[in-house]
Structure formats: C-alpha cells, structure tokens
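Open the structure in your viewer and keep the selection tool at hand. Each stop below says what to select and what is there.

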Amino acid sequence: MARYWLEITIETTSVPPEITGEILLAAGCGGVVCHEPARKAVPLIRKEPYRVTGYLPLRDGVDEELEKIQERLASLDRYFPMPQKEARPRLTLRRVKEENWAEAWKEYFRPAAVGRLLIAPPWEKVRPAPGQKVVEIDPGMAFGTGNHPSTRLSLLLLQEAIRGGETVYDIGTGTGILAVGAAKLGAARVKAVDIDPTAVAEARMNVKRNKVEDRVEVREGNLVDKLEIGADLVVANIVAAVILALLPQLPPLLNPGGRVILSGIIADRAGEVKDALLRNGLICQKEVQEECWTALLAGMDGA
C-alpha cells in the first residue's frame, strides 16, 4: 500500500525563511526545503515571495499539527510588520506519495564540500580532493543532506572536535549524516538515535552505504533514553526549544573532558542556549554562524 505525506508550503514576503522553517521542523517535519536561496540579511518587506516546504506523514493527529502551525504563523504578527494582506504567510497543502517525495530531493541535492568532507548523493559520481573523505547520503524521507546551514555548521565543528578514537553520540540523527561524518573523521564508536522509525531506517542504509557499520550503531528511541554514560562528544542538530529541554540530560552522558555540539539554533536564540549551557555546567568554547543559524561547541566547566 502506498504511503502518503502531506506537503506543507508556507509562502510569504514578510518572515525570514529560517523562522518559517523552524515552525515546520517544530511541528514534526523531517526536513524543510527553501525554494529561494537564503540571504544573510532578509528585508522585513519583500516584493517577491519565497516558499518553504516541509512534509508530515498523513496519519491521525496531523490536523492538530496543522492548527499549531497556523497559530505560530499568526503569532508572528507581533514580530514582523505585515501591513498588507498579501505579505502575511500563506499555507498551501498537497498530498504526495512517498516515492514522489523522495525523488524530489534529486532536483536540488548536489555534491558539496564541507571542510575535509565531501557530501554527495549516491546518484552523483564525485572525485574527492586530496585529504577529503566522501560521505554518501541518500536522504530518502529523512532530514540531513548537508545543504542546510545547521548541518554544515555541525559538520565543521565535528572536524574541530574529533581527533581520533572518540565515542560520539548523535541525537536526532535523521539521515545519519553526522554519525557517518564522525566515523569518517576518525571516531571509534558512534551511537545515533532518532525517534522517527523512517529516519532510523534511512540512517542505517546510509551507514551501510558508507561501510562504517562496524563503528556506527543506529537506534530508535526518544533522544537520550537509549544512551548510557560514556560519550566523548554529543552532537544534537535539532531546534533550540528541544535543545533547551535536552541540555540537563547531556552532562551525565559525558566522559571527563567531554564536549557537546549544538546546532539548529536560530541566531536570536543563541544567547538563551549559552545561558542554559552555563546553568548545566558547560562553557561555550566556540560559536559559528551561517545565515541566520548558530552552532555551539561547549565543554564541561573546568575541563
């Protein structure tokens, strides 16, 4: 039986795509596609609209998620001036077969170098530069191709944090891109967790595709529930709200001197996350930004 997904597109000229994208991710969309290249500075009122698209499985409860999306979009009136009716976010819906959705990725997923890693889909032949490691990712229905700034920032911080032989936990693994990247960079052991069974299946396929199944284990579970003490590095590329709820649970997982990488944070919320790091005994060691997104590398206080 064919599986169907609900394609949700937000079109607007008034709200930055990073904001509407986070609304879709918070609603449970496995990933988002921005149909116009993001800009470093987005004017408050634009003449040409852009579209941000995400996908939710068609199942019981999807109506409630749509209502939450509508409420969050309506609340943006307080932060972004929308004097004209046409400037307000417009929501369009379309039912899509799973196989058609998966094929849509091929239209925009191209090989991209991220530091010492070359991220590439399996349908593209690539020639890595000297010293580059190829991470081959087929996204399927999961989030994480290396095209999104939050994923790129995570990959760059992984390259700074991994020296070889580490145990790494990847929380909310999506396609497994960060877990595979960690293994390619020299991590000895990687445990990747995702609550979405579809993402778990895709991540396992990508682990096998990259021949790192001897070092990477993918588990289905609710964030840290399936993880035990013993990580040298924890990476979580999610959204700020989830990171803030997750932070108190991270220090107990870390070995002495362990560190965390947090990404998927809208730049406006970076200060809030850094404050939460301090409250949980972690100190921000590095902050990197791309467009409107921030990623943080932090370590234990006194480490």
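At what angle do the axes of helix α4 and helix α5 cross? Select residues 149–161 for α4 and 177–184 for α5: their axes come within 10 Å and cross at roughly 20 degrees. Axes are lines fitted to C-alpha atoms, for helices over the stretch in contact, with angles from 0 to 180 degrees between N-to-C directions. Helices (H or I, at least four residues) and strands (E, at least two) are DSSP runs, numbered from the N terminus. Angles under 35 degrees count as roughly parallel, so α4 and α5 are roughly parallel to each other.

This is a predicted model, where local features need pLDDT of at least 70, side-chain atom pairs count only at pLDDT 80 or more, and totals for chains, interfaces and linings use all residues. Residues are numbered from 1 along each chain as its sequence is written, and side-chain values use heavy atoms, leaving out hydrogens and water.

Next, show the side chains between the two helices. T151, S154, L155 and L158 in α4 meet I177, L178 and A182 in α5 (contact means heavy atoms within 4.5 Å).

Now select the open sheet of seven strands, ordered β10-β9-β8-β11-β12-β14-β13 with mixed pairing. Strands pair if DSSP finds at least two bridges between them. β10 (216–220) and β13 (282–290) each have a single partner strand, so one side of each is left without a neighbour in the sheet.

Finally, pick V193 in strand β9 (residues 189–194). V193 is buried (under 20% relative accessible area, with a 1.4 Å probe and protein chains only), at 1%. The C-alpha atoms of V193 and E220 are 5.7 Å apart, although 27 residues separate them along the chain.

How values were computed
Buried < 20%, exposed > 50% of the residue type's maximum accessible area, 1.4 Å probe, protein only. Parallel < 35°, antiparallel > 145°, perpendicular 65-115°, else oblique.
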